[in-house]
Amino acid sequence: MTDTTTDKDLKARHRAMWASGNYPAVVDDAVGPLGPILVREMQIRAGERVLDVAAGSGNASVPAALAGAEVVASDLTPELFDAGRRAAAEQGATLSWEEADAEALPYEDASFDVTLSCLGIMFAPHHQAAADELLRVTRPGGRIGLLSWTPEGFIGRMFATMKPYAPPPPPGAQPPPLWGSPDHVRELLGDRVEDLSARRERLSVDHFTSGADFRDYFKRVYGPTIAVYRSLGDDAERVAELDRALAALGQEHDRGGGRMEWEYLLVTARRR
């Protein structure tokens, strides 16, 4: 099998993974505040051309459009766009929704004033390729904003917990939470940016009543978790092990009354 064929297969699996769950529910129930946080941090203004890479259902795209920007919401999984279009219509936002691979964006060089990604580009398997595309489509002097889960935070630890139960990643693929490491992001962007800022923040989440409730919710709606469980097939023992591990992780991070804190890295920079 050629590398091109292998990559197409990988992207097809990624698309199917995100379509398999209900990521818009995760936005509504937990991560919804993060898109507006990123948009405010980027100080997006009316008339600016904005690209949201791996936009999902538009958690950042819709607030950017409401700020008056000309927004393109791009994602490998267009099945997520229906929920985004409904949310945009309800809020009176106008924007474009376009299928696009973060590692091969179908846009001209230097065509956007602001390029951002909220919990999206981190899931592109080849980090340098995605970073290169992010930089390519941003005009000199344009702004870049990224929000990613950290390796040490709750969601990063969830991925680490699932890793022993998941199939081995294909050659060259990197773990998503690496985008939450300041050193990794600095290496990816290199000297092509200036004024880079990277700071850790936390999102308070109070949707879950227990560690087991968190586990069951993610098994039902979150594509990466669904994919890991499907890979285990009928291996009841391994399924039970992962069930216990995820419930324990959720319980460990319960700060009382079901409140959890999920750490993320907020990166801003300017394209040279």
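Is serine 181 buried or exposed? Serine 181 is buried, because its relative accessible area is 19% and buried is defined as under 20% (exposed is over 50%, partly exposed in between, with a 1.4 Å probe and protein chains only). The structure is a predicted model, in which local features need pLDDT of at least 70 and side-chain atom pairs count only at pLDDT 80 or more, whereas totals for chains, interfaces and linings use all residues. Residues are numbered from 1 along each chain as its sequence is written, and side-chain values use heavy atoms, with hydrogens and water left out.

Serine 181 sits in the loop that runs between α7 (154-162) and α8 (182-189). Apart from neighbours within four places in sequence, serine 181 has contacts with Pro151 and Leu265, a contact being heavy atoms within 4.5 Å.

The protein chain contains eleven helices and seven strands; these are DSSP runs numbered from the N terminus (helices: H or I, at least four residues; strands: E, at least two). Of the 272 residues, 53% are buried. Along the principal axes, the C-alpha trace spans about 55 × 50 × 35 Å. Among contacts with a separation of 6 or more, 77% are between residues 24 or more positions apart.

Pockets were then examined. A pocket is an open set of points on a 1 Å grid over the protein atoms alone, with protein on both sides within 12 Å along at least five of seven lines, and lining residues have an atom within 4 Å of a point. The largest pocket holds about 1000 Å³ of space, a volume being the space filled by probe spheres set on the points. Its lining has 31 residues, and His14, Met17, Ala166, Pro167 and Pro169 lie nearest the centre. Two or more lining residues come from each of α1 (3-20), α7 and α10 (223-232). The lining comprises 22 nonpolar, six polar and three charged residues (nonpolar: Ala, Val, Leu, Ile, Met, Phe, Trp, Tyr, Cys and Pro; charged: Asp, Glu, Lys and Arg; polar: the others, Gly among them).

The second largest pocket has about 270 Å³ of space. Of its 16 lining residues, Val27, Asp28, Ser57, Ala87 and Gln91 lie nearest the centre. The largest share of this lining, six residues, is supplied by α5.

Definitions and conventions. On a 1 Å grid over the protein atoms alone, a cavity is a set of points where a 1.4 Å probe fits but cannot get out, and a pocket is an open set with protein on both sides within 12 Å along at least five of seven lines; lining residues have an atom within 4 Å of a point.
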